[in-house]
Amino acid sequence: RLRVSLSIPVGAGVRHSPTLREPMIIDLDSEDARWADLGLEGLVQAAAAAVFDRLGIEPEGAELSVLGCDDRRIADLNAEFRGKPRPTNVLSWPAEERAADVEGEMPEAPEADPFGAIELGDIAIAYETCAREADAGGKTLEAHATHLLVHGILHLLGFDHERDRDATLMEGLETEILGKMGIEDPYCQDK
């Protein structure tokens, strides 16, 4: 089990990602060693940098936690928090509600608390489900995991896909962000 807290310029040295100008705190917990072997740390850095860059959000003081786990652990979390006792690819727990009131509009940008911190929330990502989906979709595990991390970070920032126009906005942002990272459109069926 690897647990590391990073306070680094996100995206530094990561191919195809913008470099954030200020440090962002990422609390990374790799319960499953396969995530560390894959380089989850770099994937999280690149995903966070790309999302913040696209949305024009200053990363200074931003904090997020990522749990790299297996299907058994995420099934327990999915049962506990969503009442669905089965594995899923990624879960997210925003620190606060940021969703737009009007369907299809951008959520409010996060603001720092009086101490300068911007708590985004937590993400859990399951290795086996991610690997299965990547294989089934003909994608690399790195590309699919990056997509799921971008997806999870967008959830922490108030984006959702429950309503049609919200889903269109979120999927469009994911596609644009991933494209800038050199990753193909995850929603394109023509591969």
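The side chains of Arg-54 and Glu-176 meet in a salt bridge, with 2.8 Å from N to O; by salt bridge I mean a side-chain nitrogen of Lys or Arg within 4 Å of a carboxyl oxygen of Asp or Glu. This is a predicted model, in which local features need pLDDT of at least 70 and side-chain atom pairs count only at pLDDT 80 or more, while totals for chains, interfaces and linings use all residues. Residues are numbered from 1 along each chain as its sequence is written, and side-chain values use heavy atoms, with hydrogens and water left out.

Helices here are DSSP runs of H or I with at least four residues, strands are runs of E with at least two, and both are numbered from the N terminus. Arg-54 is partly exposed at a relative accessible area of 30%, and Glu-176 is partly exposed at 33%. For these classes, buried means under 20% relative accessible area, exposed means over 50%, and partly exposed lies in between, computed with a 1.4 Å probe and protein chains only.

How many salt bridges does a search of the whole structure find? The search finds eight. One of them joins Arg-34 to Glu-128, whose closest N and O atoms are 2.9 Å apart. That pair links helix H1 (residues 33-38), which holds Arg-34, with helix H4 (residues 127-136), which holds Glu-128, across 94 residues. Arg-34 is partly exposed, with a relative accessible area of 34%, and Glu-128 is partly exposed as well, with 25%.

A further salt bridge, at 3.1 Å from N to O, is made by the side chains of Asp-71 and Arg-132. Because Asp-71 lies in helix H3 (residues 71-82) and Arg-132 in helix H4, this pair ties together parts that are 61 residues apart in sequence. Is Asp-71 buried or exposed? Asp-71 counts as buried, at 10% relative accessibility. Asp-32, Arg-34 and Glu-128 are also joined into one network by salt bridges that share partners.

Val-44 and Ser-65 are 21 residues apart in sequence, with 9.9 Å between their C-alpha atoms.

Finally, the loop between strand S4 (90-94) and strand S5 (118-126) contains Glu-111. Glu-111 is exposed, with a relative accessible area of 66%. Phe-115 is found in the loop between S4 and S5 and counts as exposed at 78% relative accessibility. The C-alpha atoms of Phe-115 and Gly-61 are separated by 8.9 Å, although the two residues are 54 apart along the chain.
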